[in-house]
Amino acid sequence: MTFINPKTYFAFKKIFGSTDSKDILISFLNALLYEGNPIIEDLEIIDPYLPPNIPALKDTFLDVKAKITGNKIVIIEMQVLNVVAFDKRVVFNAAKTFATQLKSGEGYSKLNSVIALTITDFQMFPQRNKVISRFTFADMQDLFIYPERSLELVFVELPNFQKELNELESLTDKWIYFMKQTSNLDSVPEKMDEVVAIQKAFRIANQANLTLEELETLEKQQMFLEDQQGAILKGIEQGLEQGRQEGEIGLILRLLERRIGAIAPELQTRLRQLPSGQLEALADAVLTFTDVTDLTAWLQDNTQ
């Protein structure tokens, strides 16, 4: 069997947001929000997945939105790419969901609490190394939690989950493993199959059950993600190279100033335009300079 990757917007929405996914989503949310305890007994999926009219590419849309037991609203997002200002986007979406509940003339008592559950395929908080982090309003001195828990932010960082299949114990473990490893599996593990909701999720994730239009959408999104990941990696590499080159220029300028005195701005500009190879050659030549004319002559001889 081949399973679609639940970390893509298309697959996540199909598995957890379909009209017949209520039991799957209840199990999933109980696992990630309430440590597997059956706190959520019922829910209503808002804006469910309706094939084939689905966006090929995800922008800033929420993946799944549901109203759960206790009249809380849960907004769920699966994010693969660590895009700029993503942390602010999470807060914005939670605050917007909370604020837009009221219709004109309604009182604040009509407002329901909002939980923003965000699953990331990257480390959101590298300094913590936790799989699940929960945030709400609290006093900054003694951490007293604001009694009205109107907004809660819950993050699940998939890279921090390191358990293997034979180490899975709780419902929480199994659902996080499902999110992280499903696309690498060719059959449903026996340990996972014993959970009815997860068994059903695997059935929906089976690529053989997709329509041609859904397969085309899936392919487009996978290509988009690969392109975006490639662009991010290229940007990182360029940034590292630029940082290394700027560091080399800074070091050479300090050496030149100690050797021949202050360097005029126009000469500094010419130095910053040198490629890495010429910077290395200039570093070797610096110790032979006695005044600025030596630097000018070197530039004339080694650049066009």
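Reader: What makes helix α8 and helix α10 oblique to each other?

Author: In this predicted model, which is numbered from 1 along each chain, local features need pLDDT of at least 70 and side-chain atom pairs pLDDT 80 or more, while totals for chains, interfaces and linings use all residues. Side-chain values rest on heavy atoms, without hydrogens and water. Helix α8 (residues 265-272) and helix α10 (residues 292-302) pack at an angle of about 40°, with their axes 12 Å apart. Angles under 35 degrees count as roughly parallel, over 145 as roughly antiparallel, 65 to 115 as roughly perpendicular and the rest as oblique. The pair α8 and α10 is therefore oblique. The crossing of α10 by α8 is left-handed, a term used if the near helix is turned anticlockwise from the far one by less than a right angle.

Reader: Which residues of α8 and α10 meet?

Author: From α8, Leu267, Arg270 and Leu271 meet Val292, Leu295, Thr296, Leu299 and Gln300 of α10; contact means heavy atoms within 4.5 Å. The residues of this contact comprise five nonpolar, two polar and one charged. Here Ala, Val, Leu, Ile, Met, Phe, Trp, Tyr, Cys and Pro count as nonpolar, Asp, Glu, Lys and Arg as charged, and the others, Gly among them, as polar.

Reader: Why is Arg270 called partly exposed?

Author: Arg270 belongs to helix α8. Buried means under 20% relative accessible area, exposed over 50%, and partly exposed in between, with a 1.4 Å probe and protein chains only. Arg270 has 35% relative accessibility, so it counts as partly exposed. Leaving aside neighbours within four places in sequence, Arg270 is in contact with Leu299, Gln300 and Thr303. The C-alpha atoms of Arg270 and Thr303 are separated by 9.4 Å, although the two are 33 residues apart along the chain.

Reader: What makes β1 and β5 edge strands?

Author: The open sheet has six strands in the order β1-β2-β3-β4-β6-β5, with mixed pairing. Two strands pair if DSSP finds at least two bridges between them. Since β1 (43-46) and β5 (132-135) each have a single partner strand, one side of each is left without a neighbour in the sheet.

Reader: How do you know that β1 and β2 are paired?

Author: Four bridges join β1 to β2 (residues 64-68), and the two run antiparallel. Ile45 has Ala66 in β2 as its bridge partner.

Reader: Where does helix α1 lie, and is α1 mostly covered or mostly exposed?

Author: Helix α1 (residues 9-17) lies across β1, β2, β3 (72-79) and β4 (114-120), at about 25° to β2. Nine of its nine residues are buried, and α1 is mostly covered.

Terms used:
Axes are lines fitted to C-alpha atoms, for helices over the stretch in contact, and angles run from 0 to 180 degrees between N-to-C directions.
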